[in-house]
Amino acid sequence: QATLVESGGGLVQAGDSMKLSCAHSGQSFNNSVMAWFRQAPGKEREFVVAISRSGSAYYADSVKGRFTCSRDNAKNTVYLQMDNLKPEDTADYSCAASTGSFRAVVAGKNLELWGQGTRVTVSS
């Protein structure tokens, strides 16, 4: 069974940048749509970005222009570059994978694999 492992979280100040990584251990990475979600304390899980097999990304309005998602299929890794971080970005960030459609993933559906998450804390 494949696994996803996130890394790169931590504590930063508002306005700082941080880059998260998500490593996929299986053989299906190149055939998978990848996505990032986040969940702040006491709140529901929120869609952040989905990236297609070919590297096209769709962002939530809350992060568009500040976050950049990319993937390296040779390394089985997806990245989330976060710039100009705000306190409201504080959350546990999790990556997910799906061998289904891009549209389904954007809608939060057909997520077959989830990582354990990495915590991002942005102080004011």
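For the charge count, Lys and Arg are taken as positive and Asp and Glu as negative, while His and the chain ends are not counted. On that basis the chain carries 13 positive and 11 negative side chains, with the centres of the two sets 5 Å apart. The model is a predicted one.

The secondary structure consists of 11 strands and one helix. Their order along the sequence is β-β-β-β-β-β-β-β-β-α-β-β. The radius of gyration is 13 Å, close to the 14 Å that the globule rule gives for 124 residues, so the chain is as compact as a globular protein of that length. Among contacts between residues at least 6 apart in sequence, 58% join residues at least 24 apart.

Overall values for the chain are listed below.

| Property | Value |
|---|---|
| Span of the C-alpha trace along its principal axes | about 40 × 25 × 25 Å |
| Buried share of the 124 residues | 44% |

In soluble globular proteins, nonpolar side chains tend to be buried together. Here the largest nonpolar core holds 37 residues, and Trp36, Leu80, Met82 and Tyr93 have the most contacts inside it. Elements giving two or more residues to this core are β3 (18–24), β4 (33–39), β5 (46–51), β7 (67–72), β8 (77–82), β9 (91–98) and β11 (118–123).

Which residues does Leu80 touch, leaving aside those up to four places away in sequence? Leu80 touches Met18, Lys19, Leu20, Trp36, Val48, Val49, Phe67, Thr68, Cys69 and Tyr93.

Note on methods. Residues are numbered from 1 along each chain as its sequence is written. This is a predicted model: local features need pLDDT of at least 70, side-chain atom pairs count only at pLDDT 80 or more; totals for chains, interfaces and linings use all residues. Side-chain values use heavy atoms; hydrogens and water are left out. A nonpolar core is a set of buried Ala, Val, Leu, Ile, Met, Phe, Trp, Tyr and Cys residues joined through side-chain atoms within 4.5 Å. Buried means under 20% relative accessible area, exposed over 50%, partly exposed in between (1.4 Å probe, protein chains only). Helices (H or I, at least four residues) and strands (E, at least two) are DSSP runs, numbered from the N terminus. Contact means heavy atoms within 4.5 Å. The radius of gyration is taken over C-alpha atoms; the globule rule is 2.2 Å times the number of residues to the power 0.38. The place of a charge is taken as NZ of Lys, CZ of Arg, CG of Asp or CD of Glu.
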